[in-house]
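Subject: Structure for your study, with notes

Dear colleague,

Kindly keep it open while you read the notes that come after it.

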Amino acid sequence: MMESNKDVIGYVHSTESFGSVDGPGIRFVTFMQGCRMRCQFCHNPDTWRIDTGTPYTPQKLLSEAIEYRAFWGSKGGVTVSGGEPLLQMDFLIEYFKLAKAQGIHTTLDTCGQPFTREEPWFSRFNELLKYTDLILFDIKHIQRQGHVELTGHPNDNIIELAKYLSEVNQPVWIRHVLVPTRTDYDDLLIELGDFVATLNNVLKFEVLPYHKLGVYKYDALGIRYSLRDVEPPSSERVENAKRLLRTENYKGYLEA
């Protein structure tokens, strides 16, 4: 039994009281500060820095979330997103542990980049899974080199994480951002669809159309936005992606 540390500090970028796109139902969403990936399409570059954010204890964050519990209904709950929340694993464990003690549905939104089987990280991750009802798993690019070009990091350990979550039957919603000239190619979509079809734990498969709503943040931060000339995909390309990825095959979430 691992020791509990409810006084661990997490660094939060922001919260959203009535989130409707980060898990089932209405949710209190926490965006953690810090991410090592540099996704070209990221709309939250202000979450990248690891040494900033508002400090919270798990209990303080949960107390803030519970103020909105009346709005969650039977399917809502709390979601932790980012940034990359797995960079603050100890905080996540305590926050989700407290939430589950009160019967609250917990969702983790991650790209999986920190995943490793090395200790003590791997044991802590498995401890987190005990208190995690659902994972929103962002697969940025199915091919290693394309992933490096798009995010600055390879995806070997991310693919390994996807397989591991399937092995332990952890409920997952897969998310994939459709970016023209980056991920919106039929061969890549077919390859990704074939890979996801090998997993046995996917309840939902979402195509997220690329958008440019965060460009102003890059300008404010003085960061070059490399996709400035890339426009969002057409509705036809979004439907094409859904067809090639076979997203209609994943409807287990409706029964949750």
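This is a predicted model: local features need pLDDT of at least 70, side-chain atom pairs count only at pLDDT 80 or more; totals for chains, interfaces and linings use all residues.

Residues are numbered from 1 along each chain as its sequence is written, and side-chain values use heavy atoms, with hydrogens and water left out.

Overall form

The chain has eight helices and eight strands; helices (H or I, at least four residues) and strands (E, at least two) are DSSP runs, numbered from the N terminus. For 256 residues, a compact globule would have a radius of gyration near 18 Å, and the value for the chain, 18 Å, agrees with this. That radius is taken over C-alpha atoms, and the globule rule is 2.2 Å times the number of residues to the power 0.38. Of the 256 residues, 53% count as buried. Here buried means under 20% relative accessible area, exposed means over 50%, and partly exposed lies in between (1.4 Å probe, protein chains only).

The sheet

Eight strands form an open sheet with mixed pairing, in the order S3-S1-S2-S4-S5-S6-S7-S8. Its edge strands are S3 (54-56) and S8, each of which pairs on one side only. Two strands pair if DSSP finds at least two bridges between them. In general, strands of a sheet pair through backbone hydrogen bonds, either parallel or antiparallel. An antiparallel example is S1 (residues 10-19) with S2 (residues 27-32), joined over five bridges; there, Gly19 stands opposite Arg27.

Why is S7 described as largely enclosed by the rest of the structure? Seven of its seven residues are buried, so the strand is largely enclosed. Val172, Ile174, His176 and Leu178 cover one side, while Trp173, Arg175 and Val177 lie on the other. S7 pairs in the parallel sense with S6 (residues 134-138) over four bridges, and Phe137 stands opposite Ile174. Seven bridges join S7 to S8 (residues 202-209), again in parallel, with Leu208 as the bridge partner of Val177.

The helices

Helix H5 (residues 156-167) lies across S6 and S7, running at about 150° to S6. Axes are lines fitted to C-alpha atoms, for helices over the stretch in contact, and angles run from 0 to 180 degrees between N-to-C directions. In H4 (residues 144-151), the residues Gly146, His147, Leu150 and Thr151 are buried. Seen down the axis of H4, its buried residues fall within an arc of 105°, so they line one face of the helix; the arc is that of the directions from the helix axis to the C-beta atoms. These buried residues of H4 pack against H5, where contact means heavy atoms within 4.5 Å.

Most residues other than glycine have a negative phi, and most peptide bonds are trans. Asn169, in the loop between H5 and S7, has a positive phi of about 60° although it is not a glycine. At 51% relative accessibility, Asn169 counts as exposed. Cis peptide bonds join Gly82 to Gly83, with omega about 10°, and Glu119 to Pro120, with omega near 10°.

Yours sincerely,
A colleague
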